[in-house]
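Subject: Structure handover

Hello,

Here is the structure I promised you. Please open it first, then read my notes beside it.

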Amino acid sequence: MRVTIDRGRNHGVRMRKTGRSLLAGAGLAAAGIGLGMLVEYLMDPDRGRARRARMRDRSAHTTHRMTDSLNGMSHDMANRSRGVAMGMRYRVTGRSADDAVLHDRVRAELGRHVSHPHALQVRVDAGVVTLTGDVLAAEEHATRRAVKRIPGVKGVHPQWTVHDEPGDVPTLQGTSRSKG
């Protein structure tokens with residue numbers, strides 16, 4: 001307890017309690033007891049060496065797992081950011097592609113939207129894509145829209161034959177490739 005003289009309004013002597021509270025003192029005592037128990041547990045002459053070795057091995061294992069996880073996450077983020085950058089670059093610079101590149105892009109897109117991509121032929125002339133061959137009615141609209149969205153394509157002329165079912169069309173026979 002500390003006595004202070006207050007020369008303010010009251011002109012008197014005032015007592016102010018300073019120091020730690022009882023709860024803080026109890027907390028420090030409990031922490032000290034716990035630390036002592038830990039030291040005794042680890043420095044035990046009979047089994048302390050094995051306990052320390054096990055603790056060292058567990059901490060090394062945990063450190064390695066965390067390092068591997070952080071490395072994996074950093075690689076993942078680097079790949080994702082590179083993918084976003086390449087996607088933006090593709091959207092900007094892909095608009096000025098030559099006809100051979102556009103042909104390959106259209107063939108790749110057809111493989112994602114048509115169950116029988118071999119049934120279609122692609123011709124590209126100055127950015128205008130002409131599609132001929134056979135296509136199923138269920139896939140026609142989505143395929144035309146997907147080809148139209150390819151960067152560099154200025155127009156799409158579908159001159160294909162639309163079929164409701166594969167029926168007797170040889171190019172639409174066989175098992176269809178799974179999309180997705």
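**The nonpolar core**

The largest nonpolar core has 15 residues. Those with the most contacts inside it are Val106, Leu110, Val122, Val129, Leu131, Val147 and Val153. H3, E3, E4 and E5 each supply at least two residues of this core. A nonpolar core here is a set of buried Ala, Val, Leu, Ile, Met, Phe, Trp, Tyr and Cys residues joined through side-chain atoms within 4.5 Å. Buried means under 20% relative accessible area, exposed means over 50%, and partly exposed is in between (1.4 Å probe, protein chains only).

Look at Val147. Leaving out residues up to four places away in sequence, Val147 touches Val106, Leu110, Val129, Leu131, Val153 and Val156. Contact means heavy atoms within 4.5 Å.

**What kind of model this is**

This is a predicted model: local features need pLDDT of at least 70, side-chain atom pairs count only at pLDDT 80 or more, and totals for chains, interfaces and linings use all residues. Residues are numbered from 1 along each chain as its sequence is written, and side-chain values use heavy atoms, with hydrogens and water left out.

**The overall layout**

The protein has four helices and five strands. Along the sequence, their pattern reads β-β-α-α-α-β-β-α-β. Helices (H or I, at least four residues) and strands (E, at least two) are DSSP runs, numbered from the N terminus. Buried residues make up 22% of the 180 residues in the protein. Take the contacts between residues at least 6 apart in sequence: 56% of them join residues at least 24 apart.

One stretch comes with a record. UniProt, in an unreviewed entry, places the feature "transmembrane region" at residues 21-43. UniProt positions follow the numbering used here, feature names are shortened, and annotations may be inferred rather than shown by experiment. In the model, residues 21-43 are 91% helix and 0% strand. The end C-alpha atoms of this stretch are 33 Å apart.

**The sheet and its helices**

Three strands form an open sheet in the order E3-E4-E5, with mixed pairing. Which strands are at the edges? They are E3 (120-125) and E5 (155-163), and each pairs on one side only. Two strands pair if DSSP finds at least two bridges between them. Neighbouring strands of this sheet are turned by 10 degrees against each other on average, direction ignored.

E3 and E4 (residues 128-136) run antiparallel, joined by six bridges. Leu120 stands opposite Gly133 in E4. Val122 has Leu131 as its bridge partner in E4. E3 and E4 form a hairpin with two residues between them. In that turn, Ala126 has a positive phi of about 55 degrees.

In a regular strand the side chains alternate between the two faces of the sheet. Now check E3. Its covered face holds Leu120, Val122 and Val124. Its uncovered face holds Gln121, Arg123 and Asp125.

Helix H3 (residues 99-113) lies across E3 and E4, running at about 150 degrees to E3. Helix H4 (residues 137-148) lies across E4 and E5, running at about 170 degrees to E5. Axes are lines fitted to C-alpha atoms, for helices over the stretch in contact, and angles run from 0 to 180 degrees between N-to-C directions.

**Salt bridges**

Side chains of opposite charge can pair when their charged atoms come close. A salt bridge is a side-chain nitrogen of Lys or Arg within 4 Å of a carboxyl oxygen of Asp or Glu. By this rule the count is five. Here are some of them:

- Asp76 pairs with Arg80, with the closest N and O atoms 3.0 Å apart. Both lie in helix H2 (residues 48-93), four residues apart, about one turn of the helix. Asp76 is partly exposed at 34% relative accessible area, and Arg80 is exposed at 53%.
- Arg112 pairs with Glu109, with the closest N and O atoms 2.9 Å apart. Both lie in helix H3, three residues apart, about one turn of the helix. Arg112 is exposed at 52% relative accessible area, whereas Glu109 is buried at 18%.
- Glu140 pairs with Arg144, with the closest N and O atoms 2.7 Å apart. Both lie in helix H4, four residues apart, about one turn of the helix. Arg144 is partly exposed, with a relative accessible area of 25%.

Best wishes
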